[in-house]
Amino acid sequence: MQSQPIILWFRNDLRLDGNLALSAALSSQKPVIPVFIWDDKSRDCTFNGPHSIWWLSRSLRQLSDSLQNNGSSLIIRKGSPHTELSNLASETNADQIYFNERYEPSEIQTQRLVKQALEQDNIFWKSFNSNYLFNPRSIYKSNNAPYKKFSAFWKHCLMQPTENLMALPVKPKHFPSPLLWPNTIQPEELNKSLGFKGASYPKQIWVPGEVSSQKKLNKFLLTSYECYSENRDRSDITGTSMLSPHLSFGEIGPSQIFEEINQLRRNVDSWETSYENKFIGELGWREFANYMITHYPESKNKPVKSVLDHFMWDDNEHHLNAWKSGETGYPIVDAAMRQLKSTGWMNNRLRMVVASFLVKNLLIPWQKGAEWFSYLLIDANEASNILGWQWVAGCGTDSAPYFRIFNPLTQSQKTDPNGSFIKEWLPELSRLHEPWIHTPWLAPTNILRKAQITLGVDYPSPIIDYKTSRVRSLSAYKHAKLKYDLERKTN
DNA sequence: TGAAATGTTGGGGCG
DNA sequence: ACGCCCCAACATTTC
(Lines give C-alpha, C1' and ligand atoms only; values in the text may rest on other atoms or scores of the structure.)
Protein backbone atom coordinates (compact mmCIF):
# COMPACT_ATOMS: atom_id res chain seq x y z
CA MET A 1 0.00 0.00 0.00
CA GLN A 2 1.20 3.51 -0.90
CA SER A 3 2.11 5.78 1.99
CA GLN A 4 -0.34 8.53 2.93
CA PRO A 5 0.06 11.68 0.81
CA ILE A 6 1.06 15.14 1.94
CA ILE A 7 -1.10 18.06 0.86
CA LEU A 8 0.89 21.09 -0.24
CA TRP A 9 -1.28 24.14 0.19
CA PHE A 10 -0.27 26.79 -2.37
CA ARG A 11 -1.08 30.37 -1.46
CA ASN A 12 0.84 33.46 -2.57
CA ASP A 13 3.84 31.23 -3.28
CA LEU A 14 3.00 30.01 -6.78
CA ARG A 15 6.44 28.65 -7.66
CA LEU A 16 8.24 25.33 -7.67
CA ASP A 17 11.72 26.77 -7.30
CA GLY A 18 12.85 28.08 -3.93
CA ASN A 19 9.64 27.10 -2.20
CA LEU A 20 10.42 25.75 1.27
CA ALA A 21 7.06 24.12 2.00
CA LEU A 22 7.05 22.40 -1.37
CA SER A 23 10.61 21.12 -1.22
CA ALA A 24 10.08 19.88 2.33
CA ALA A 25 6.98 18.00 1.26
CA LEU A 26 8.73 16.48 -1.73
CA SER A 27 11.79 15.46 0.22
CA SER A 28 9.61 13.24 2.39
CA GLN A 29 9.34 10.84 -0.57
CA LYS A 30 5.61 10.62 0.02
CA PRO A 31 3.03 11.40 -2.66
CA VAL A 32 2.37 15.14 -2.77
CA ILE A 33 -0.97 16.70 -3.66
CA PRO A 34 -0.56 20.41 -4.53
CA VAL A 35 -3.71 22.42 -3.96
CA PHE A 36 -4.78 26.02 -4.37
CA ILE A 37 -7.96 27.13 -2.64
CA TRP A 38 -9.98 29.97 -4.03
CA ASP A 39 -11.84 31.62 -1.19
CA ASP A 40 -14.34 34.06 -2.68
CA LYS A 41 -15.33 35.28 0.78
CA SER A 42 -11.79 36.41 1.46
CA ARG A 43 -11.06 40.13 1.24
CA ASP A 44 -7.38 39.42 0.76
CA CYS A 45 -6.26 42.13 -1.68
CA THR A 46 -3.50 40.00 -3.18
CA PHE A 47 -6.22 38.01 -4.93
CA ASN A 48 -8.77 40.78 -5.30
CA GLY A 49 -9.72 43.18 -8.05
CA PRO A 50 -9.77 42.78 -11.82
CA HIS A 51 -6.03 42.90 -12.45
CA SER A 52 -5.08 40.55 -9.63
CA ILE A 53 -7.70 37.99 -10.62
CA TRP A 54 -6.49 38.12 -14.20
CA TRP A 55 -2.96 37.52 -12.99
CA LEU A 56 -4.00 34.78 -10.60
CA SER A 57 -5.76 32.71 -13.23
CA ARG A 58 -2.77 33.04 -15.58
CA SER A 59 -0.33 32.21 -12.85
CA LEU A 60 -2.30 29.16 -11.74
CA ARG A 61 -2.38 27.96 -15.35
CA GLN A 62 1.42 28.28 -15.53
CA LEU A 63 1.85 26.48 -12.22
CA SER A 64 -0.57 23.79 -13.23
CA ASP A 65 1.25 23.24 -16.53
CA SER A 66 4.67 23.02 -14.94
CA LEU A 67 3.39 20.56 -12.36
CA GLN A 68 1.93 18.50 -15.21
CA ASN A 69 5.29 18.56 -16.95
CA ASN A 70 6.79 17.11 -13.80
CA GLY A 71 4.24 14.33 -13.63
CA SER A 72 2.24 16.06 -10.93
CA SER A 73 -0.95 18.11 -10.98
CA LEU A 74 -2.51 21.19 -9.42
CA ILE A 75 -5.79 20.77 -7.64
CA ILE A 76 -7.93 23.91 -7.43
CA ARG A 77 -10.84 24.11 -5.04
CA LYS A 78 -13.33 26.79 -4.11
CA GLY A 79 -14.36 27.46 -0.52
CA SER A 80 -12.83 28.34 2.80
CA PRO A 81 -9.39 26.85 3.33
CA HIS A 82 -10.14 25.08 6.61
CA THR A 83 -13.13 23.11 5.29
CA GLU A 84 -11.57 22.46 1.89
CA LEU A 85 -8.28 21.25 3.34
CA SER A 86 -10.09 19.08 5.83
CA ASN A 87 -12.30 17.63 3.09
CA LEU A 88 -9.41 17.11 0.74
CA ALA A 89 -7.44 15.31 3.42
CA SER A 90 -10.23 12.85 4.09
CA GLU A 91 -10.86 12.38 0.34
CA THR A 92 -7.24 11.57 -0.35
CA ASN A 93 -6.37 9.95 2.95
CA ALA A 94 -3.62 12.57 3.45
CA ASP A 95 -2.24 12.82 6.95
CA GLN A 96 -0.05 15.91 6.59
CA ILE A 97 -0.43 19.43 5.26
CA TYR A 98 2.48 21.76 4.48
CA PHE A 99 2.25 25.45 3.64
CA ASN A 100 4.13 28.72 3.75
CA GLU A 101 3.05 31.26 6.37
CA ARG A 102 1.37 34.57 5.65
CA TYR A 103 1.29 37.41 8.15
CA GLU A 104 -1.69 39.63 7.28
CA PRO A 105 -4.28 39.66 10.10
CA SER A 106 -6.98 38.02 7.96
CA GLU A 107 -4.53 35.34 6.84
CA ILE A 108 -3.44 34.72 10.42
CA GLN A 109 -7.09 34.10 11.20
CA THR A 110 -7.41 31.79 8.19
CA GLN A 111 -4.36 29.87 9.35
CA ARG A 112 -5.75 29.63 12.86
CA LEU A 113 -8.95 28.05 11.55
CA VAL A 114 -6.97 25.70 9.33
CA LYS A 115 -4.71 24.60 12.16
CA GLN A 116 -7.70 24.07 14.44
CA ALA A 117 -9.59 22.02 11.87
CA LEU A 118 -6.57 19.88 11.08
CA GLU A 119 -5.76 19.25 14.72
CA GLN A 120 -9.34 18.15 15.23
CA ASP A 121 -8.95 15.69 12.35
CA ASN A 122 -5.61 14.51 13.70
CA ILE A 123 -3.79 15.76 10.65
CA PHE A 124 -0.24 16.96 11.09
CA TRP A 125 0.56 20.40 9.68
CA LYS A 126 3.84 22.14 9.18
CA SER A 127 4.41 25.72 8.07
CA PHE A 128 7.42 27.58 6.66
CA ASN A 129 8.52 31.11 5.96
CA SER A 130 9.46 31.21 2.33
CA ASN A 131 8.10 34.52 1.13
CA TYR A 132 10.33 36.79 3.17
CA LEU A 133 14.06 37.01 3.74
CA PHE A 134 13.66 37.16 7.49
CA ASN A 135 11.07 35.68 9.77
CA PRO A 136 9.29 38.71 11.26
CA ARG A 137 8.86 36.83 14.51
CA SER A 138 12.57 36.53 15.05
CA ILE A 139 13.68 40.17 14.70
CA TYR A 140 13.61 42.35 17.81
CA LYS A 141 15.45 45.27 19.36
CA SER A 142 17.92 44.56 22.14
CA ASN A 143 15.13 45.26 24.66
CA ASN A 144 13.01 42.58 22.96
CA ALA A 145 10.51 45.11 21.62
CA PRO A 146 9.70 45.14 17.91
CA TYR A 147 11.35 47.79 15.76
CA LYS A 148 9.34 50.80 14.65
CA LYS A 149 11.76 52.54 12.32
CA PHE A 150 12.83 51.17 9.00
CA SER A 151 16.50 52.09 9.14
CA ALA A 152 17.23 50.43 12.47
CA PHE A 153 15.17 47.40 11.47
CA TRP A 154 16.93 46.96 8.18
CA LYS A 155 20.41 47.45 9.64
CA HIS A 156 19.64 44.76 12.18
CA CYS A 157 18.36 42.40 9.48
CA LEU A 158 21.42 42.78 7.31
CA MET A 159 23.74 42.20 10.25
CA GLN A 160 22.17 38.83 10.88
CA PRO A 161 24.47 35.90 10.29
CA THR A 162 23.80 34.47 6.85
CA GLU A 163 22.43 31.23 8.25
CA ASN A 164 19.48 33.24 9.58
CA LEU A 165 18.64 34.20 6.05
CA MET A 166 15.99 32.07 4.47
CA ALA A 167 17.63 29.10 2.86
CA LEU A 168 17.17 28.54 -0.84
CA PRO A 169 16.14 24.94 -1.35
CA VAL A 170 17.32 23.29 -4.54
CA LYS A 171 14.91 23.00 -7.40
CA PRO A 172 12.77 19.90 -6.84
CA LYS A 173 13.06 17.12 -9.40
CA HIS A 174 10.81 14.31 -8.29
CA PHE A 175 7.12 14.83 -7.74
CA PRO A 176 5.69 11.59 -6.32
CA SER A 177 2.01 11.35 -7.22
CA PRO A 178 -0.90 9.80 -5.39
CA LEU A 179 -2.59 6.78 -6.95
CA LEU A 180 -5.68 8.82 -7.63
CA TRP A 181 -5.99 12.59 -8.21
CA PRO A 182 -8.93 14.33 -6.54
CA ASN A 183 -11.34 16.59 -8.45
CA THR A 184 -10.24 20.02 -9.51
CA ILE A 185 -11.59 23.10 -11.24
CA GLN A 186 -9.70 24.88 -14.03
CA PRO A 187 -7.83 28.17 -13.38
CA GLU A 188 -9.89 29.96 -16.02
CA GLU A 189 -13.03 29.21 -14.06
CA LEU A 190 -11.91 31.68 -11.42
CA ASN A 191 -12.42 34.44 -13.97
CA LYS A 192 -15.83 33.13 -14.84
CA SER A 193 -16.94 32.79 -11.26
CA LEU A 194 -16.25 36.49 -10.76
CA GLY A 195 -17.92 37.62 -13.94
CA PHE A 196 -14.57 38.95 -15.06
CA LYS A 197 -14.60 40.04 -18.68
CA GLY A 198 -10.87 40.09 -19.16
CA ALA A 199 -8.74 43.19 -19.23
CA SER A 200 -6.82 44.51 -22.18
CA TYR A 201 -3.25 45.58 -21.64
CA PRO A 202 -2.49 47.95 -24.49
CA LYS A 203 0.51 49.59 -22.88
CA GLN A 204 1.96 47.08 -20.56
CA ILE A 205 2.57 43.47 -21.37
CA TRP A 206 2.52 41.35 -18.26
CA VAL A 207 3.46 37.71 -18.44
CA PRO A 208 2.53 35.98 -15.20
CA GLY A 209 4.33 32.83 -14.11
CA GLU A 210 7.53 31.50 -12.66
CA VAL A 211 9.43 31.31 -15.95
CA SER A 212 8.62 34.87 -16.85
CA SER A 213 9.60 36.09 -13.35
CA GLN A 214 13.02 34.61 -13.85
CA LYS A 215 13.39 36.21 -17.26
CA LYS A 216 12.36 39.54 -15.84
CA LEU A 217 14.90 39.35 -13.05
CA ASN A 218 17.67 38.46 -15.49
CA LYS A 219 16.69 41.26 -17.81
CA PHE A 220 16.65 43.75 -14.95
CA LEU A 221 20.09 42.64 -13.77
CA LEU A 222 21.47 43.05 -17.27
CA THR A 223 19.88 46.39 -18.09
CA SER A 224 18.29 48.61 -15.44
CA TYR A 225 20.02 47.46 -12.26
CA GLU A 226 23.17 49.46 -12.83
CA CYS A 227 21.28 52.77 -12.97
CA TYR A 228 18.52 51.77 -10.59
CA SER A 229 19.04 54.52 -8.05
CA GLU A 230 19.15 57.20 -10.76
CA ASN A 231 16.22 55.94 -12.79
CA ARG A 232 13.87 54.37 -10.28
CA ASP A 233 11.92 57.60 -9.84
CA ARG A 234 11.57 58.36 -13.53
CA SER A 235 8.09 58.15 -15.01
CA ASP A 236 9.22 58.24 -18.61
CA ILE A 237 11.58 55.25 -18.59
CA THR A 238 11.52 51.80 -17.02
CA GLY A 239 13.98 52.22 -14.19
CA THR A 240 12.54 49.63 -11.84
CA SER A 241 12.52 45.85 -11.98
CA MET A 242 8.74 45.54 -12.23
CA LEU A 243 9.04 42.32 -10.30
CA SER A 244 6.45 43.38 -7.71
CA PRO A 245 3.49 41.36 -9.05
CA HIS A 246 5.71 38.31 -9.42
CA LEU A 247 6.76 38.72 -5.80
CA SER A 248 3.20 39.33 -4.73
CA PHE A 249 2.04 36.03 -6.18
CA GLY A 250 5.19 34.32 -5.04
CA GLU A 251 6.30 33.32 -8.50
CA ILE A 252 9.75 34.31 -7.40
CA GLY A 253 11.06 34.41 -3.85
CA PRO A 254 12.93 37.32 -2.30
CA SER A 255 15.79 35.04 -1.29
CA GLN A 256 16.53 34.26 -4.88
CA ILE A 257 16.49 37.92 -5.87
CA PHE A 258 18.70 38.79 -2.90
CA GLU A 259 21.09 36.00 -3.79
CA GLU A 260 21.41 36.99 -7.43
CA ILE A 261 21.85 40.68 -6.63
CA ASN A 262 24.61 39.83 -4.22
CA GLN A 263 26.31 37.60 -6.75
CA LEU A 264 26.32 40.47 -9.19
CA ARG A 265 27.50 42.94 -6.57
CA ARG A 266 30.49 40.80 -5.71
CA ASN A 267 31.85 41.71 -9.15
CA VAL A 268 30.37 45.11 -9.77
CA ASP A 269 29.90 47.29 -6.72
CA SER A 270 31.65 45.57 -3.87
CA TRP A 271 32.56 48.88 -2.20
CA GLU A 272 28.95 49.51 -1.37
CA THR A 273 27.32 47.85 1.66
CA SER A 274 24.04 45.98 1.33
CA TYR A 275 22.52 48.62 3.58
CA GLU A 276 23.42 51.34 1.10
CA ASN A 277 22.14 49.45 -1.90
CA LYS A 278 18.90 51.04 -3.08
CA PHE A 279 17.45 47.97 -4.72
CA ILE A 280 18.15 45.72 -1.75
CA GLY A 281 16.60 48.50 0.31
CA GLU A 282 13.35 48.03 -1.58
CA LEU A 283 13.35 44.37 -0.64
CA GLY A 284 13.90 45.75 2.85
CA TRP A 285 10.77 47.89 2.72
CA ARG A 286 8.85 44.80 1.70
CA GLU A 287 10.25 43.00 4.74
CA PHE A 288 9.52 45.98 6.96
CA ALA A 289 5.90 46.25 5.82
CA ASN A 290 5.33 42.59 6.58
CA TYR A 291 7.16 43.00 9.87
CA MET A 292 4.97 45.93 10.88
CA ILE A 293 1.70 44.18 10.09
CA THR A 294 2.92 41.16 12.04
CA HIS A 295 3.68 43.18 15.15
CA TYR A 296 1.08 45.92 14.76
CA PRO A 297 -1.86 44.07 13.15
CA GLU A 298 -4.29 46.76 14.31
CA SER A 299 -2.52 49.20 11.94
CA LYS A 300 -4.66 47.65 9.22
CA ASN A 301 -7.60 49.85 10.13
CA LYS A 302 -6.12 52.28 12.58
CA PRO A 303 -3.21 54.67 12.12
CA VAL A 304 -0.24 53.62 14.22
CA LYS A 305 0.23 57.22 15.28
CA SER A 306 -2.99 59.05 16.14
CA VAL A 307 -1.62 62.44 15.10
CA LEU A 308 -4.37 62.85 12.48
CA ASP A 309 -7.27 61.96 14.80
CA HIS A 310 -8.47 65.56 14.80
CA PHE A 311 -7.53 66.31 11.22
CA MET A 312 -10.18 68.24 9.29
CA TRP A 313 -10.78 65.94 6.35
CA ASP A 314 -12.72 67.13 3.34
CA ASP A 315 -14.30 63.87 2.29
CA ASN A 316 -15.52 65.12 -1.07
CA GLU A 317 -16.94 62.35 -3.28
CA HIS A 318 -16.55 64.43 -6.43
CA HIS A 319 -12.85 64.97 -5.74
CA LEU A 320 -12.32 61.30 -4.89
CA ASN A 321 -13.90 60.24 -8.17
CA ALA A 322 -11.83 62.75 -10.12
CA TRP A 323 -8.71 61.30 -8.50
CA LYS A 324 -9.76 57.73 -9.22
CA SER A 325 -10.52 58.35 -12.86
CA GLY A 326 -7.53 60.57 -13.51
CA GLU A 327 -9.41 63.83 -14.02
CA THR A 328 -7.88 66.15 -11.46
CA GLY A 329 -6.42 68.53 -14.02
CA TYR A 330 -2.88 67.80 -12.80
CA PRO A 331 -1.34 65.86 -15.72
CA ILE A 332 1.21 63.86 -13.74
CA VAL A 333 -1.45 62.73 -11.26
CA ASP A 334 -3.95 61.92 -13.97
CA ALA A 335 -1.47 60.04 -16.17
CA ALA A 336 -0.42 57.91 -13.21
CA MET A 337 -3.99 57.19 -12.16
CA ARG A 338 -4.91 56.15 -15.69
CA GLN A 339 -1.87 53.92 -15.89
CA LEU A 340 -2.99 52.29 -12.67
CA LYS A 341 -6.48 51.72 -13.96
CA SER A 342 -5.45 50.20 -17.23
CA THR A 343 -2.34 48.23 -16.21
CA GLY A 344 -2.71 47.73 -12.46
CA TRP A 345 0.69 49.25 -11.85
CA MET A 346 2.53 52.50 -11.34
CA ASN A 347 6.01 53.07 -10.04
CA ASN A 348 6.76 53.79 -6.42
CA ARG A 349 7.46 57.49 -6.85
CA LEU A 350 4.16 58.11 -8.61
CA ARG A 351 2.33 56.13 -5.95
CA MET A 352 3.69 58.63 -3.42
CA VAL A 353 2.83 61.60 -5.62
CA VAL A 354 -0.80 60.62 -6.21
CA ALA A 355 -1.21 59.52 -2.59
CA SER A 356 0.12 62.80 -1.30
CA PHE A 357 -2.22 64.64 -3.66
CA LEU A 358 -5.24 62.74 -2.37
CA VAL A 359 -4.43 62.99 1.31
CA LYS A 360 -2.61 66.30 1.58
CA ASN A 361 -4.17 68.40 -1.15
CA LEU A 362 -7.67 66.99 -1.44
CA LEU A 363 -7.79 66.12 2.30
CA ILE A 364 -9.45 62.78 1.61
CA PRO A 365 -8.80 60.10 4.27
CA TRP A 366 -5.93 57.80 3.31
CA GLN A 367 -8.13 54.72 3.77
CA LYS A 368 -10.12 55.71 0.67
CA GLY A 369 -6.96 55.80 -1.39
CA ALA A 370 -5.67 52.58 0.11
CA GLU A 371 -8.92 50.89 -0.83
CA TRP A 372 -8.65 52.00 -4.46
CA PHE A 373 -5.02 50.89 -4.63
CA SER A 374 -5.72 47.49 -3.14
CA TYR A 375 -8.54 46.99 -5.61
CA LEU A 376 -6.56 47.95 -8.69
CA LEU A 377 -2.93 47.21 -8.00
CA ILE A 378 -1.78 44.07 -9.72
CA ASP A 379 0.88 43.70 -7.01
CA ALA A 380 -1.49 44.61 -4.17
CA ASN A 381 -0.18 43.56 -0.81
CA GLU A 382 -1.98 44.52 2.34
CA ALA A 383 1.12 45.10 4.43
CA SER A 384 2.89 47.29 1.86
CA ASN A 385 -0.28 49.16 1.03
CA ILE A 386 -1.03 50.07 4.64
CA LEU A 387 2.56 51.01 5.36
CA GLY A 388 2.78 53.14 2.23
CA TRP A 389 -0.41 55.07 2.81
CA GLN A 390 0.32 55.68 6.47
CA TRP A 391 3.81 56.81 5.52
CA VAL A 392 2.40 59.34 3.05
CA ALA A 393 -0.36 60.49 5.40
CA GLY A 394 2.22 60.87 8.16
CA CYS A 395 0.45 58.65 10.68
CA GLY A 396 2.78 55.63 10.57
CA THR A 397 5.41 54.89 13.20
CA ASP A 398 8.16 55.77 10.79
CA SER A 399 6.64 59.00 9.54
CA ALA A 400 8.53 62.22 9.03
CA PRO A 401 8.56 64.76 11.88
CA TYR A 402 7.13 67.38 9.54
CA PHE A 403 4.06 67.51 7.32
CA ARG A 404 5.31 66.42 3.94
CA ILE A 405 3.35 67.62 0.91
CA PHE A 406 4.55 66.64 -2.55
CA ASN A 407 4.40 69.35 -5.17
CA PRO A 408 2.92 67.69 -8.26
CA LEU A 409 4.62 70.25 -10.49
CA THR A 410 8.10 69.70 -9.16
CA GLN A 411 7.55 65.95 -9.27
CA SER A 412 6.25 66.18 -12.83
CA GLN A 413 9.26 68.16 -14.04
CA LYS A 414 11.71 65.92 -12.24
CA THR A 415 10.26 62.53 -13.13
CA ASP A 416 8.96 63.28 -16.62
CA PRO A 417 11.10 66.17 -17.91
CA ASN A 418 9.82 66.19 -21.49
CA GLY A 419 6.32 64.98 -20.69
CA SER A 420 6.48 61.74 -22.62
CA PHE A 421 4.89 59.74 -19.81
CA ILE A 422 2.05 62.25 -19.56
CA LYS A 423 1.49 62.12 -23.30
CA GLU A 424 1.43 58.34 -23.25
CA TRP A 425 -1.46 58.25 -20.80
CA LEU A 426 -3.22 61.51 -21.65
CA PRO A 427 -3.44 61.45 -25.44
CA GLU A 428 -5.62 64.55 -25.32
CA LEU A 429 -2.51 66.47 -24.28
CA SER A 430 -0.22 64.90 -26.87
CA ARG A 431 0.02 68.09 -28.93
CA LEU A 432 1.00 70.16 -25.92
CA HIS A 433 4.68 70.45 -25.17
CA GLU A 434 7.06 71.15 -22.36
CA PRO A 435 6.85 73.29 -20.26
CA TRP A 436 3.06 73.61 -20.64
CA ILE A 437 2.53 69.85 -20.62
CA HIS A 438 3.03 69.99 -16.84
CA THR A 439 0.64 72.90 -16.34
CA PRO A 440 -1.97 73.14 -19.12
CA TRP A 441 -3.95 75.69 -17.11
CA LEU A 442 -1.04 78.12 -17.32
CA ALA A 443 -0.56 77.70 -21.05
CA PRO A 444 -1.24 80.80 -23.19
CA THR A 445 -4.45 80.61 -25.19
CA ASN A 446 -2.71 80.47 -28.55
CA ILE A 447 -0.62 77.49 -27.39
CA LEU A 448 -3.75 75.71 -26.20
CA ARG A 449 -5.51 76.47 -29.46
CA LYS A 450 -2.59 75.11 -31.46
CA ALA A 451 -2.64 71.97 -29.31
CA GLN A 452 -6.39 71.68 -29.94
CA ILE A 453 -7.21 71.71 -26.27
CA THR A 454 -10.14 73.44 -24.66
CA LEU A 455 -9.65 73.29 -20.91
CA GLY A 456 -12.70 71.94 -19.17
CA VAL A 457 -13.74 70.14 -22.36
CA ASP A 458 -10.84 68.07 -23.67
CA TYR A 459 -8.98 68.04 -20.41
CA PRO A 460 -10.19 69.23 -16.98
CA SER A 461 -9.14 72.44 -15.31
CA PRO A 462 -7.42 71.76 -11.97
CA ILE A 463 -10.01 70.68 -9.40
CA ILE A 464 -8.09 72.57 -6.73
CA ASP A 465 -5.41 75.21 -6.60
CA TYR A 466 -2.17 73.71 -5.35
CA LYS A 467 -0.99 76.66 -3.30
CA THR A 468 -4.35 77.28 -1.65
CA SER A 469 -4.82 73.61 -0.85
CA ARG A 470 -1.34 73.43 0.58
CA VAL A 471 -2.03 76.30 2.96
CA ARG A 472 -5.37 74.75 3.94
CA SER A 473 -3.69 71.42 4.55
CA LEU A 474 -0.92 72.89 6.68
CA SER A 475 -3.39 74.72 8.88
CA ALA A 476 -5.50 71.58 9.25
CA TYR A 477 -2.37 69.74 10.34
CA LYS A 478 -1.36 72.50 12.74
CA HIS A 479 -4.76 72.24 14.37
CA ALA A 480 -4.64 68.42 14.55
CA LYS A 481 -1.11 68.40 15.91
CA LEU A 482 -2.01 70.92 18.60
CA LYS A 483 -4.86 68.73 19.87
CA TYR A 484 -2.69 65.63 19.59
CA ASP A 485 0.10 67.18 21.66
CA LEU A 486 -2.42 68.50 24.18
CA GLU A 487 -3.98 65.07 24.64
CA ARG A 488 -0.60 63.50 25.19
CA LYS A 489 0.33 66.11 27.76
CA THR A 490 -2.81 65.66 29.83
CA ASN A 491 -2.59 61.87 29.71
C1' DT B 1 11.94 58.12 -0.29
C1' DG B 2 10.09 67.16 0.33
C1' DA B 3 8.94 71.95 -0.18
C1' DA B 4 9.40 76.54 0.73
C1' DA B 5 11.63 80.10 3.13
C1' DT B 6 15.78 81.98 4.25
C1' DG B 7 20.79 82.54 3.91
C1' DT B 8 25.13 82.78 1.30
C1' DT B 9 28.11 83.41 -2.50
C1' DG B 10 29.78 85.14 -6.63
C1' DG B 11 29.59 87.15 -11.20
C1' DG B 12 28.11 90.96 -14.18
C1' DG B 13 26.26 95.55 -15.08
C1' DC B 14 26.81 100.01 -13.90
C1' DG B 15 27.66 104.43 -11.87
C1' DA C 1 39.17 100.08 -9.35
C1' DC C 2 35.41 99.99 -6.34
C1' DG C 3 31.03 99.68 -4.13
C1' DC C 4 26.48 98.75 -4.98
C1' DC C 5 22.60 96.34 -6.73
C1' DC C 6 20.53 92.45 -8.83
C1' DC C 7 19.91 87.82 -9.26
C1' DA C 8 20.94 83.15 -10.18
C1' DA C 9 22.75 79.20 -8.08
C1' DC C 10 23.50 76.74 -4.28
C1' DA C 11 23.28 75.69 0.79
C1' DT C 12 20.86 75.65 5.07
C1' DT C 13 16.94 75.78 7.93
C1' DT C 14 12.31 75.11 9.11
C1' DC C 15 7.88 73.09 8.92
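Axes are lines fitted to C-alpha atoms, for helices over the stretch in contact, and the angles between N-to-C directions run from 0 to 180 degrees. In this predicted model, the axes of helix α13, residues 331–343, and helix α14, residues 348–361, come within 10 Å and cross at roughly 115°. Because angles of 65 to 115 degrees count as roughly perpendicular, α13 is roughly perpendicular to α14. The crossing in which α13 passes α14 is left-handed.

The contact between the two helices involves I332, V333, A336 and M337 on the side of α13, and L350, V353, V354 and F357 on the side of α14. By class, the residues of this contact comprise eight nonpolar, no polar and no charged.

Helix α13 itself consists of 13 residues. From its first C-alpha to its last, α13 reaches 18 Å, which is close to the 18 Å expected at 1.5 Å a residue. The helix is mostly covered, with ten of its 13 residues buried. The buried set is made up of P331, I332, V333, D334, A335, A336, M337, Q339, L340 and T343.

Just after α13, residue G344 adopts a positive phi of about 80°.

Notes. Residues numbered from 1 in each chain as written. Chains lettered and ligands numbered in written order. Predicted model: local features only at pLDDT ≥ 70, side-chain atom pairs only at ≥ 80, totals over all residues. Helix = DSSP H or I, 4+ residues; strand = E, 2+ residues; numbered from the N terminus. Parallel < 35°, antiparallel > 145°, perpendicular 65-115°, else oblique. Left-handed = near helix turned anticlockwise from the far one by under 90°. Contact = placed C-beta atoms within 7 Å. Nonpolar A, V, L, I, M, F, W, Y, C, P; charged D, E, K, R; others polar. Expected span 1.5 Å × (residues − 1). Buried ≥ 20, exposed ≤ 12 C-beta atoms within 10 Å, placed from the backbone.
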